[in-house]
Structures are given as structure tokens and as C-alpha cells.
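Please examine the following structure and the account of its local features that accompanies it.

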Amino acid sequence: MKILRQNKACSCFPCHKGLEDCTFCYCPFYPCLNKKRGEYIFLQKTSRRIWSCKDCSWIHKKSIVDKIFKLVRESNINPDKRK
């Protein structure tokens, strides 16, 4: 799999300050509920609380993306060969 790194054609680019990597456009760990990375906010439009990670750029760091892909490769997970 080729890692795109940055998709400058995206209408949301850049979504975060210090953006290094766009491989995970949406965080696979959402909502992480880590209070160092985000917080619950209240949306008046929907009258609901949602998890906001607008100030988190952790998943957009090259080193983190590389670690996640390494873990996936090492785990030998192959979705095409599930029983």
C-alpha cells in the first residue's frame, strides 16, 4: 500500500496545524476519549455532545502512521482471508 502522506487536493486541507500525513483522514481511534488529545463539546445545532479532536494532530504524524502500519503488517491481519 502506498502512503499518500498529504492530499493537497482535499477540500479540508490542511485540517490541522503541523500536518505531516493524511493517510488517516479520519482517525481510526475516534473517539479516543483521551483528555490530552480532545474534549467533549456541545453542538447547539444538534443539541448533542460530541468528541472534538480539532487540536489533536497525533494521527497526522509520519512516525505514528508508520508505527500503525508496522503493527498491522506484523499482526498478519489479512481481511481478504477471514473465515
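Which residue takes a positive phi in the hairpin of β1 and β2? In this predicted model, the residue is S47, whose phi is near 55°. The hairpin has four residues between its strands. Strand β1 covers residues 39-43 and strand β2 covers residues 48-52; the two run antiparallel and are joined by five bridges.

Attention may now turn to the nonpolar core. In soluble globular proteins, nonpolar side chains tend to be buried together. The largest nonpolar core of the model consists of six residues, namely F24, I59, I64, V65, I68 and F69. One of these, I68, touches F24, F29 and I59 when residues up to four places away in sequence are not counted.

Helix α1, which spans residues 62-74, contains K70 and E74. These two residues form a salt bridge, with their closest N and O atoms 3.7 Å apart. Because K70 and E74 lie four residues apart in helix α1, about one helical turn separates them. The count of salt bridges in the model comes to one. E74 has a relative accessibility of 53% and therefore counts as exposed. Side chains of opposite charge can pair when their charged atoms come close.

A further point concerns the segment before β1, where G18 is found. G18 counts as exposed because its relative accessibility is 57%. Although G18 and S57 are 39 residues apart along the chain, their C-alpha atoms are separated by 7.4 Å.

Terms used: Residues numbered from 1 in each chain as written. Predicted model: local features only at pLDDT ≥ 70, side-chain atom pairs only at ≥ 80, totals over all residues. Heavy atoms only, no water. Core = buried A, V, L, I, M, F, W, Y, C linked by side-chain atoms within 4.5 Å. Buried < 20%, exposed > 50% of the residue type's maximum accessible area, 1.4 Å probe, protein only. Contact = heavy atoms within 4.5 Å. Pairing = 2+ DSSP bridges. Salt bridge = Lys/Arg side-chain N within 4 Å of Asp/Glu carboxyl O.
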